[in-house]
Amino acid sequence: MNYTKGTGELKNWIVSENEFNSNNLGKCEAIMCLGNGYMGVRSATEEIYLNETRDHFVSGTFNKFDENEVTELPNIPDFTKLNITLDGERLDLEKGELKNYSRDLNLKTGVITREFNWTFKGKEYHFISRRFVSLKELNLMAMEVEIIPLNIDSTIIISSGIDGQVTNSGAQHFHEGEKRIYNKKFIEMISTTTTTKIGFVQMTTHTLKKDGVEIEIAPDLNMDRRKVSVGYKVDLKTGEKLTFEKLCTVNTTRDLPHDGKELKDIRTFSLNQLENLSKIGFQTLLNESAKEWNKKWQEIDIKISSKEEFDQLAIRFAQYHLIVMTPSHDSRMGVGAKGLSGEGYKGHSFWDTELFIMPFFTYTMPEVAKSLAKYRFETLGGARKKAEDNGYSGAMFPWESAWKDDGEVTPVWGAVDIVTGKATKIWSGFIEQHITCDVAYALWQYYMVTKDEEFMENYGFEILFDTAIFWASRLEWNEEKKEYHINNVIGPDEYKEHVNNNAFTNYMANWNLNLAIEYYEKLKNEKPELFNRLNEKLNLDLNLNIWMNKVTKIYLPQPRGIDGVIPQDDTYLSKEIIDLTKYKNQDHVGSMFKDYSLDQVNEIQVSKQADIMVLFYLLENRFSTDIKRANWNYYEPKTLHDSSLSLSTHCVLASDMNDKEMAYDLFRRASEIDLGPNMKTSDHGVHAASLGGIWQCIVNGFAGVRMLGGDLRIDPKLPENWNEVKFPLNWHGVNLTVEVTKNTLIVIRNSKNTTEVKFTLFGKEYVLDKKIEIKY
């Protein structure tokens with residue numbers, strides 16, 4: 001991989017593959033994924049290989065293959081595969097001689113370009129392809145292939161269409177519907193998901209040019225089981241260029257514009273849509289999409305002056321993927337843990353969204369954050385049902401969420417137990433319950449940063465109250481100690497199952513209840529009409545008494561007197577301590593499970609990821625720097641960072657403790673999870689939460705931006721090899737530009753919004769007019 005490719009205006013905008021290896025296809029398929037939030041297309045090559053994974057997902061179109069499996073995003077019929085033969089030889093880069101190979105993802109325009117020279121049996125061809133998913137036309141994906149025979153006249157045959165024989169790792173989610181070719185030009189395939197009955201209309205069309213001039217060729221027409229295609233045969237003289245353009249559209253019965261429409265009407269719409277797009281043409285459609293990307297980058301681009309050029313590319317790579325994976329067009333849909341780049345985690349949403357992805361949007365693109373927050377309101381019915389099914393009250397959010405009505409979708413069984421040989425039970429869906437306070441925290445953070453009263457009145461306050469009702473019902477009275485406990489849970493550290501009093505969970509539940517009490521009083525006094533509506537629905541008067549009685553009696557683990565260490569749970573500090581050097585220096589995450597089962601790991605002082613550290617991040621004012629340092633020194637050496645969520649949290653905490661060298665090292669390690677040299681880390685898709693975490697490393701960590709109790713704080717701690725970072729920030733509806741150097745902070749107001757903006761810098765409060773420059 002060559003990560004710093006790009007010169008001039010494209011410097012640090014290009015992610016490039018400069019060597020083809022069919023054993024490592026998954027890496028670039030995932031990290032060069034294309035998308036627009038509505039759909040995502042894994043970037044498989046045009047020609048086929050044994051180890052490829054062709055995935056194309058449409059947000060929110062979940063289906064359940066079998067009653068014994070959980071719902072997942074179905075892999076829809078494929079557009080991207082082309083069968084290309086050159087003088088009777090199938091294009092195959094595993095054969096012959098390959099020269100000047102490159103595949104570039106342009107983060108600035110959302111276009112992937114592939115170029116090489118291929119020689120086989122003495123015949124040499126030059127090959128260029130371009131592909132994009134439109135940021136303007138959400139239903140559109142387009143691709144273009146150029147082929148030039150360099151030293152011979154040649155006959156080229158290209159077969160292209162729609163291939164419905166793809167699956168989700170063997171699971172077929174579709175009933176086959178009608179296939180048709182209109183006027184030998186417009187190809188259609190209709191499919192319907194097996195259980196959710198979502199109809200898909202996919203269409204494609206082709207245009208051929210010779211040396212830039214469009215040519216008409218009568219194609220061969222082909223239909224087979226779950227396949228429909230056309231074939232074109234073109235004779236080229238040496239040096240002539242064949243250009244093959246393909247436009248593809250997807251529409252579904254779940255799309256908001258098609259709500260209530262019959263499939264036949266969507267089919268008519270799709271055909272008209274594709275006919276109109278084909279008149280516009282590939283290049284113009286690409287230009288229009290690139291313009292939309294340019295507008296987006298003007299909103300979000302972060303500029304870094306660093307001795308390491310990789311740092312600039314890393315944040316742009318992260319922001320690119322955050323845009324292409326997030327379904328900002330429809331609040332009924334969340335963000336998958338792998339985005340739309342692979343089958344990993346089946347497209348499900350976790351706490352990853354609230355604590356790692358959503359902050360980027362909250363501080364930068366609040367309308368998108370609002371859509372993600374509304375998704376949790378859409379799923380409130382399922383959260384209430386989960387609470388009721390488990391014997392609790394209020395809203396108990398699923399650990400894994402899919403479509404808004406699906407409820408809990410965490411699989412029950414996972415990887416092999418090396419001791420028993422059986423599948424390991426996944427307990428997260430049953431007892432990893434901190435997701436509920438994570439949702440509450442993200443909504444509150446959104447409210448504090450944006451002051452979006454309309455959202456809170458219609459959605460947010462109801463969730464905050466209902467999550468508090470859940471926690472009050474979840475608490476268990478310990479008669480001996482005269483306090484409330486939360487027993488039998490999994491905290492953020494998923495290597496510790498069935499623990500009592502996980503510190504993160506207990507503190508955050510306590511925070512959730514206190515917040516509900518605060519807003520009960522506030523709404524009753526300031527918004528009586530809203531209060532009465534929610535009181536009638538949720539019986540707030542009764543619940544207030546319950547909250548008040550319980551909140552002060554929740555057990556909150558305190559620092560030990562001997563060293564200041566807060567017990568992660570009731571038993572962590574009494575478990576066996578072993579030498580973890582081998583696993584801390586591992587090349588691949590999860591290597592400990594080559595030697596131990598999960599049950600055995602559960603009895604060792606070892607952590608998968610940040611746990612106490614996340615608590616220090618979210619509730620930082622409750623803990624002193626000395627306590628944070630003491631717990632860092634104890635827990636970090638025992639943390640394997642086997643979760644991609646862990647490094648960015650530790651990076652921010654290292655910045656808070658002014659350990660600049662450690663913070664930068666953790667930032668680089670987090671950045672290299674997907675963008676680094678390990679060619680197997682991203683096979684199942686990119687790590688969505690880690691990409692959100694990279695933004696947090698820079699803005700919340702190095703720049704020190706934090707919302708604390710509703711107030712804005714900026715305490716910069718730039719890495720030693722950074723000279724400056726400049727980034728956009730939205731605070732209370734005001735667009736700001738923040739510039740941080742080694743000893744200067746500049747904040748600029750970029751909008752006509754006259755809302756007062758106050759912030760603190762190293763403890764001193766400032767009020768922004770139009771621009772303020774502060775030396776420190």
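Select tyrosine 232 and phenylalanine 244 to begin: both are buried. The model is a predicted one. The two ring centres lie 6.2 Å apart with the planes at 65°, so this pair is edge-to-face. Tyrosine 232 belongs to strand 17 (residues 227-236) and phenylalanine 244 to strand 18 (residues 242-252), so the pair links parts of the chain 12 residues apart. Across the whole structure, a search finds 46 aromatic pairs.

Next, select tyrosine 447 and tyrosine 519. Their rings form a tilted pair, 6.2 Å centre to centre and with 50° between the planes. Tyrosine 447 sits in helix 9 (residues 435-450) and tyrosine 519 in helix 11 (residues 503-526), 72 residues apart. Tyrosine 447 counts as buried at 4% relative accessibility, and tyrosine 519 is buried at 3%.

For a cluster joined by ring pairs, select Tyr345, Phe350, Trp351, Phe356, Trp399 and Phe504.

Two charged side chains over rings follow. Arginine 254 lies over the face of tryptophan 403, 3.6 Å from the ring centre. Lysine 185 is placed over the face of phenylalanine 186, at 5.9 Å from the ring centre.

Finish at strand 29, residues 757-761. Strand 25 (residues 711-714) runs parallel to strand 29, joined by 2 bridges, with leucine 712 opposite phenylalanine 759. Strand 30 (residues 764-768) pairs with strand 29 in the antiparallel sense over 5 bridges; here valine 757 stands opposite leucine 768. Strands 29 and 30 form a hairpin with 2 residues between them, and phenylalanine 762 in the turn has a positive phi of about 50°.

Definitions and conventions: Residues are numbered from 1 along each chain as its sequence is written. This is a predicted model: local features need pLDDT of at least 70, side-chain atom pairs count only at pLDDT 80 or more; totals for chains, interfaces and linings use all residues. Side-chain values use heavy atoms; hydrogens and water are left out. Buried means under 20% relative accessible area, exposed over 50%, partly exposed in between (1.4 Å probe, protein chains only). Helices (H or I, at least four residues) and strands (E, at least two) are DSSP runs, numbered from the N terminus. Two strands pair if DSSP finds at least two bridges between them. Rings of Phe, Tyr and Trp (its six-membered ring) pair if their centres lie within 6.5 Å; planes under 30 degrees apart count as stacked, over 60 as edge-to-face and the rest as tilted. A charge sits over a ring if NZ of Lys or CZ of Arg is within 6 Å of the ring centre and within 35 degrees of the ring normal.
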